[in-house]
Amino acid sequence: MAGTWWNSAASTHVLVALFGMGSWISVNCLWVELPVVVSVLPEGWNLPVYLTVLIALGSVGPIAVTITHQCAPGWLNERLVIHFIQVLAVVASFFLALFWSQVATLGGEVRSVPYLLLTFILALVCCTSSVTFLPFMFRFPPQYIRTFFVGQGLSALFPCVVALGQGVGKLECKIDNGTIQPHYMEENFPAQDFFWFLFVMLIISALCFIALTHREITVPALPKDTTEPERAAKQGVEETHPLQNGEMPVSENQVELEKTNPVLTFWTPRNIYLLVLLGGSNALTNGVLPSVQSFSCLPYGTMAYHLSVVLGNIANPLACFVAMFVLCRSFAGLGFISVTGGVFAAYLMALAVLSPCPPLLGSVAGVCLVVVSWIIFTGLFSYLKVVVGTLLHEAGHAALLWCGVFIQAGSLIGALSMFPLVSIYHVFASSQDCVNNCS
């Protein structure tokens with residue numbers, strides 16, 4: 001009975017979700033914990049700029065993997081690469097929990113060298129996961145791709161929930177010497193404990209990947225009463241998509257055969273359209289809008305900001321879960337979803353530009369509108385990414401490799417495009433706590 005449960009589809013879905021959780025949880029944890037570490041590290045509020053640059057430098061990992069796939073097809077063993085980067089992430093998070101607050105003097109200035117170095121390593125791992133985790137998922141039927149994206153949603157949700165329990169960003173407005181001043185409340189537990197949480201999550205993800213590589217590989221037999229035409233039809237499907245092995249993963253040899261002998265030409269108008277949608281959605285969800293979320297939400301209050309972050313991160317895995325049952329294959333439908341999500345993205349960007357005095361400021365309607373907009377924006381593009389990933393799964397192993405490339409490229413382009421606007425030209429103005437910024 002235990003062996004039957006272990007090899008069931010339900011257990012595989014759980015393992016895939018926890019494996020996918022480890023893809024970007026490191027970077028998400030670093031962003032979530034920024035309000036705590038900036039009060040300790042010497043870089044202060046310049047630290048987000050360093051984090052953005054280090055994540056951009058982490059793109060050297062996916063570039064190297066992509067070049068290797070193109071120049072030496074079939075040479076790179078994705079399973080071994082994933083094992084390596086997962087071990088690297090676990091070790092880096094272990095040292096981060098121990099030494100994140102240590103500093104060193106470089107060029108006459110005090111710098112948080114251990115934190116910055118370990119941040120780069122974790123960013124390198126996360127970026128490389130985009131072009132290794134997804135291609136590995138080609139061993140499994142398409143429905144597990146959707147579960148993988150649910151896991152990626154959990155990589156943002158779990159750190160956010162823990163940070164809320166930690167009490168990150170809580171403040172009180174108190175009268176001090178006749179003026180109202182913000183007083184930031186002490187966290188319920190230190191940053192070191194938060195990084196230990198990251199360490200445990202990465203270990204769980206690595207163990208789930210090991211379990212996935214040891215799944216029993218069996219081809220389900222056809223029923224005895226299956227007619228000859230049905231057998232011929234099933235055989236035709238298997239010849240078109242040789243890795244669609246029922247409900248179970250396929251062997252390493254079959255995957256390597258697919259790498260070196262692709263069945264169909266990949267660069268078709270259909271696949272290019274899907275990749276453009278994928279790159280654009282990731283540019284918005286991972287780069288552009290996160291860079292201005294505080295500007296769009298904080299004028300309405302810290303509660304609006306926290307609700308936008310938490311409920312948006314809940315909408316991510318929820319949308320992925322919906323995609324497991326309702327999958328839109330219409331190109332027009334996907335285009336409509338992207339345009340609708342783009343409308344909400346434009347509204348949120350307008351709020352950020354108008355900060356610290358956006359419309360409906362001080363009203364319940366304004367708070368509800370900004371929170372709902374973040375939920376719908378995140379949900380629509382999360383659903384779009386899952387659908388595109390599922391459709392590209394059907395196009396072969398190379399499709400999932402390029403799926404990861406466009407996810408990383410879109411995220412990188414979105415983040416780098418916003419960096420000068422936010423950090424150099426200061427296009428967006430922040431609101432001050434406990435102060436009427438529009439009087």
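A salt bridge here is a side-chain nitrogen of Lys or Arg within 4 Å of a carboxyl oxygen of Asp or Glu. Take glutamate 394 and arginine 329: they form one, with the closest N and O atoms 2.7 Å apart. This pair links distant parts of the chain, 65 residues apart. Glutamate 394 sits in the loop between helix 18 (364–393) and helix 19 (397–424). Arginine 329 is in the loop between helix 16 (302–323) and helix 17 (331–354). Helices are DSSP runs (H or I, at least four residues), numbered from the N terminus.

Before going on, the ground rules. This is a predicted model, where local features need pLDDT of at least 70 and side-chain atom pairs count only at pLDDT 80 or more, while totals for chains, interfaces and linings use all residues. Residues are numbered from 1 along each chain as its sequence is written, and side-chain values use heavy atoms, with hydrogens and water left out.

Now accessibility. Buried means under 20% relative accessible area, exposed means over 50%, and partly exposed is in between (1.4 Å probe, protein chains only). Glutamate 394 has 23% relative accessibility, so it counts as partly exposed. Arginine 329 is at 46%, so that residue is partly exposed too.

How many salt bridges does the structure hold? Three. Next on the list is arginine 139 with glutamate 78, the closest N and O atoms being 3.6 Å apart. Again the pair links distant parts of the chain, 61 residues apart. Arginine 139 lies in the loop between helix 9 (133–136) and helix 10 (143–166), and glutamate 78 is in helix 7 (residues 78–99). Buried or exposed? Arginine 139 is buried, and so is glutamate 78.

Then arginine 111 and glutamate 109. Their side chains meet in a salt bridge at 2.5 Å, N to O. Arginine 111 is partly exposed because its relative accessibility is 24%. Glutamate 109, at 42%, is partly exposed as well.

On to the cysteines. A disulfide is a pair of cysteine sulfur atoms within 2.5 Å. A search of the whole structure finds one. Cysteine 357 is joined to cysteine 438, S to S 2.0 Å. Cysteine 357 is in the loop between helix 17 and helix 18, cysteine 438 in the segment after helix 19, and 81 residues separate this distant pair. Why is the disulfide called left-handed? Because the torsion about its S-S bond is about -120°. Cysteine 357 is partly exposed at 36%, and cysteine 438 is partly exposed at 33%.

Two further cysteines to look up. Cysteine 320 has 1% relative accessibility, so it counts as buried. Cysteine 328, at 19%, also counts as buried.

Technical notes. Helices (H or I, at least four residues) and strands (E, at least two) are DSSP runs, numbered from the N terminus.
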